[in-house]
Amino acid sequence: MLRIITLSEIKANSRIDGSDENDLITNMGEAAEQGVLNVLDRSYDDIIVEYGSIPAPIKQACLALADHYYHHRGIVNPTALYNIPYTIDFALKPYIKY
């Protein structure tokens, strides 16, 4: 179940038309959300309690990761491996629970 981003947001961000892959895209979105929460070492509820809503950089990190999953469905090459994590790290660093 998507909680941070919506299917519509993922599709708009990734410029995806049609509904043929909605289940696949939803799964990728869920994986992206969980990956972001794992990096933050927080739960969805912890973030809501602290900030009142999901901060935009966290949403953007989820969208970026979902887009990455959608467009790179196979094994990641070394170039992509370093570009995407840095972008996500930059967006999430202020929200990481230490």
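The expected span of a helix is taken as 1.5 Å times one less than its number of residues, and helices are DSSP runs of H or I with at least four residues, strands being runs of E with at least two, both numbered from the N terminus. The structure is a predicted model, in which local features need pLDDT of at least 70 and side-chain atom pairs count only at pLDDT 80 or more, while totals for chains, interfaces and linings use all residues. Residues are numbered from 1 along each chain as its sequence is written, and side-chain values use heavy atoms, with hydrogens and water left out.

Of the 98 residues in the chain, 37% are buried, where buried means under 20% relative accessible area, exposed means over 50%, and partly exposed covers the values in between (1.4 Å probe, protein chains only). The chain exposes about 6,200 Å², and carbon and sulfur atoms supply 54% of that area; accessible areas come from the Shrake-Rupley method with a 1.4 Å probe, and for residues only the protein chains shown count as cover. Among contacts (heavy atoms within 4.5 Å) with a separation of 6 or more, 70% join residues 24 or more positions apart.

Attention now turns to the first two helices. Two packed helices are described by the angle between their axes and the distance between the axes. Helix α1 (residues 7-14) and helix α2 (residues 22-40) have axes that come within 10 Å and cross at roughly 95 degrees. Here the axes are lines fitted to C-alpha atoms, for helices over the stretch in contact, and angles run from 0 to 180 degrees between N-to-C directions. The two helices are therefore roughly perpendicular to each other, on a scale where angles under 35 degrees count as roughly parallel, over 145 as roughly antiparallel, 65 to 115 as roughly perpendicular and the rest as oblique. On the α1 side the contact is made by Leu7, Ile10 and Lys11, and on the α2 side by Asn22, Ile25, Thr26 and Gly29. These residues divide into three nonpolar, three polar and one charged, with Ala, Val, Leu, Ile, Met, Phe, Trp, Tyr, Cys and Pro counted as nonpolar, Asp, Glu, Lys and Arg as charged, and the others, Gly among them, as polar.

Helix α2 also carries a series of buried residues, namely Asn22, Ile25, Met28, Gly29, Ala32, Glu33, Val36, Leu37 and Leu40. An α-helix has 3.6 residues a turn, so residues three or four places apart point the same way. Leu37, in helix α2, has a relative accessible area of 11%. Not counting residues up to four places away in sequence, Leu37 touches Ile4, Arg42, Ser43, Tyr44 and Ile47. The C-alpha atoms of Leu37 and Ile58 are separated by 9.0 Å, with the two residues 21 apart along the chain.

Arg15, in the loop between α1 and α2, has a positive phi of about 55 degrees although it is not a glycine; Arg15 is exposed, with a relative accessible area of 77%. Just after α2, Asp41 likewise takes a positive phi of about 55 degrees. Asp41 belongs to the loop between α2 and α3 and counts as exposed at 54% relative accessibility.

Two partly exposed residues complete the picture. Arg3 lies in the segment before α1 and has a relative accessible area of 40%. Beyond its neighbours within four places in sequence, Arg3 is in contact with Glu33, Tyr44 and Asp45. Arg3 and Ile54 are 51 residues apart in sequence and 9.6 Å apart in space, C-alpha to C-alpha. Ile48, in helix α3 (residues 44-51), has a relative accessible area of 26%. With neighbours within four places in sequence left aside, Ile48 is in contact with Ser53 and Ile54.
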